[in-house]
Structure formats: structure tokens, C-alpha cells
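This report describes one protein structure for a reader who has not seen it before.

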Amino acid sequence: MAAVPATWPLVRVQLRPDGTGTVHVNEHASACAAASTARLRAGALARAVAVARTVGRPVRVVLADATGASLLAAHPDGTLRTLPAEGAGAPVDVPPAPCRRCGADQPVAALACGACGTLEPLRVETDPVALLDAATLSRPDEGLLASLPAPRPVPALPTVPDALPDGLPHGLRDGLSPVSVPVPPDGRSPVSVPVLPPEPAAGGAARDAADTSGGHVLVLTVDGGAPVRVPGGASLGRDPVAPTGRTPVRVVGATVSKTHALVDVEPDGTILVTDFSSTNGTHVLLDAPVRLVPHTPVAVPAGTVVLLGEVRCTLGLSA
């Protein structure tokens, strides 16, 4: 195979016949696994499309499997083409693949499953993917841009009109540095549990957290503070109300709404995050921040970082 020009971002994909592989994004390597080589291929190329979406232009992909290696270009809209020495190359067909959670077929460009709401439904990395910002990924690649057709509009996860609140620092708007919210002068911890009693369910029966969470316990870590175990679901905010069966968790911050977001745990350990019509939004940090639609639950894996306004909260699980 001819040498690949050292232009970034470069995605290198190694696929093995046993359904395992590796995806390199620049120098960041992630082990991958899937039930089939077709599913593995779709998931690895979905990562390449996510990188292209982050930098807002086509990116180079070196794809190697048992049949050999090829050089491709991935567009932000999910289009993939071969990248020959001359010309625009030929389209590469990537059939829809099953969502990693519900099994519904999803296109390679999907940000969220249209059936169950899972973010990155085709992800095949076995560990959480490092957050890579556009500045880290980008280097000039004018030759690639000149050789390919202009990308079509990028399909996006439904969002509220403003992708990010106006008051969000520029660095975070670009997906760069985390925001730190100082502890208030009165010395209160950013998180306190509980702050309000949960509302009684109809007929006086409260939801049994153990039955709905399958034995998984939600663990919240706010702005680098001490982890807090929360039985059942959580209601997060400055002074949150507690819908039936959820534990109210006070999160201190000027950009946090009174009741900002709800977090629930499914029996299989999937975490559901729901924005509660917050003023400054609830964002999930993927390759680029994604703002959630109010009152629409979105499934995320353990270890996901969300922003409550400008306050970072890591969602974890323990047995």
C-alpha cells in the first residue's frame, strides 16, 4: 500500500475476523468488539464520521481487514468514499447496523438511536472514548478538501434552537477545557443528599428503586468532588423537586436551574438522562457537546460526563 500523507486528523481502523479490532484517532487508540465483522466495520466507520463532524470537514481513514487495506474519506454527513491518488473516488456503501442497545438498524451518521434514544448507537469501543476537541484533531488538509465533493448538510440529534447557551465559555463551546464552578463562600459542598423528601406516588406507594435499577446504584461526581451514591433515580438542581421515587440532589451553581435534570437507572445498568426544561440546558459531552431536548430521556453509558449549565457531573454506577 502507498504511504499515507501525514495529515491529521487520521483515523486508522484495524478489523479482525473474530469481531475485534482497534480504532486509532490520531494517537488515541481504542479497542473495539462487536457480534459480527459487519457490525464492527459500521461502528468503526461511525467513529470516523463523528471525527469528521467534530472538525467540520472530511477526514482520512485507513481501513485494514483480512482482505487488505484501503484509504477512505469520511464526511461529516456520513458519506464515505475511496480516496485514490487522483479524482474524487467512489462511494463506499455502509449498510445500517443494529443499535448497541435496542437492536434497531441505524445509519452510520446517527448521533442517537431513532428508536430508543441511545447516543452513539453504533459505538463499538469497549471503553469510554476520550473526548477529542476540534483543535486537537485538526490540521490543514487542503488537498483532501479539494479532491472531494462538498459535504451535504449534517443530520443532527434534535436540539433546542441554541446548540449551547450564550454564557458558556468559549473553550467549552469548542469542546475544549472543562468548566470549574467554585464552592460558594459559605463552604457548602456542591452536592448534598437529600434536600427534599420525594413526592408520594398515587395511592401512597413510592417507587421501589431496587426493583427498577436491577441492583445498580447511581454514583454522581460533581465538578471533581467526592462521589455520591444515590439510590434509585436522582433529581438534580439548585433546589430540586423530586418526582416519585427519585432522590433530590442539590447541585450548587449559578447556571443550574431549580430542577435541572433527572437521572434514572435501567435494570440492565443503562443510565437515562432527561433535561427538566432547564434554563441553560443539559449537555452530554461526546466528541462535541450535544444539548438534550427537554423531557426526552436519552440513554448514556456509565462514565458519561454531562453539563448542568456550566457544572460538570460524571454519571457512574456501583453494585
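## Salt bridges

A search of the whole structure finds 6 salt bridges, a salt bridge being a side-chain nitrogen of Lys or Arg within 4 Å of a carboxyl oxygen of Asp or Glu. The model is predicted: local features need pLDDT of at least 70, side-chain atom pairs count only at pLDDT 80 or more, and totals for chains, interfaces and linings use all residues. Residues are numbered from 1 along each chain as its sequence is written, and side-chain values use heavy atoms, with hydrogens and water left out.

One of the salt bridges joins arginine 47 to glutamate 120, with the closest N and O atoms 2.9 Å apart. Arginine 47 belongs to helix α1, while glutamate 120 sits in the loop between β8 (105-106) and α2 (134-137), so the pair ties together parts that are 73 residues apart in sequence. Helices (H or I, at least four residues) and strands (E, at least two) are DSSP runs, numbered from the N terminus. Glutamate 120 also forms a salt bridge with arginine 123, where the closest N and O atoms are 3.6 Å apart. A network of salt bridges links Arg47, Glu120, Arg123 and Glu125.

## Burial of the charged residues

Glutamate 120 is buried at 17%, and arginine 123 counts as buried at 15%.

A further salt bridge connects aspartate 264 with arginine 246, the closest N and O atoms being 2.9 Å apart. This pair links distant parts of the chain, 18 residues apart: aspartate 264 is in strand β14 (residues 261-265) and arginine 246 in strand β13 (residues 246-251). Aspartate 264 is buried at 11% relative accessibility, and arginine 246 is buried at 15%.

## The chain as a whole

The protein chain contains 5 helices and 20 strands. Of its 319 residues, 50% count as buried. The chain exposes about 14,100 Å², and carbon and sulfur atoms supply 58% of that area; accessible areas come from the Shrake-Rupley method with a 1.4 Å probe, and for residues only the protein chains shown count as cover.

Contact means heavy atoms within 4.5 Å. Among contacts in the protein chain with a separation of 6 or more, 56% are between residues 24 or more positions apart.

## Strand β4 and its neighbours

Strand β4 (residues 59-65) has 6 of its 7 residues buried, so it is largely enclosed by the rest of the structure. Strand β1 (residues 10-15) pairs with β4 in the parallel sense over 5 bridges; two strands pair if DSSP finds at least two bridges between them. Valine 13 has leucine 63 as its bridge partner in β4.

Strand β5 (residues 68-74) runs antiparallel to β4, and 7 bridges join the two. They form a hairpin with 2 residues between them. Within this pairing, arginine 60 stands opposite alanine 73 in β5.

## Nonpolar cores

The largest nonpolar core has 29 residues, and Val11, Val13, Val61 and Leu80 have the most contacts inside it. Such a core is a set of buried Ala, Val, Leu, Ile, Met, Phe, Trp, Tyr and Cys residues joined through side-chain atoms within 4.5 Å. The elements giving two or more residues to this core are β1, β2 (20-25), α1 (37-55), β4 and β5. Of these, α1 gives the most, with 10 residues.

Apart from this core lies another, of 28 residues, including Ala112, Val228, Val249 and Val284.

## An open sheet

In the order β11-β10-β20-β19-β16-β17, 6 strands form an open sheet with antiparallel pairing. At the edges stand β11 (228-230) and β17 (289-291), each with a single partner strand, so one side of each is left without a neighbour in the sheet.

Inside the sheet, strand β16 (residues 282-285) and strand β19 (residues 304-308) pair in the antiparallel sense over 3 bridges. Histidine 283 stands opposite leucine 307 in β19.

Note on methods:
Buried means under 20% relative accessible area, exposed over 50%, partly exposed in between (1.4 Å probe, protein chains only).
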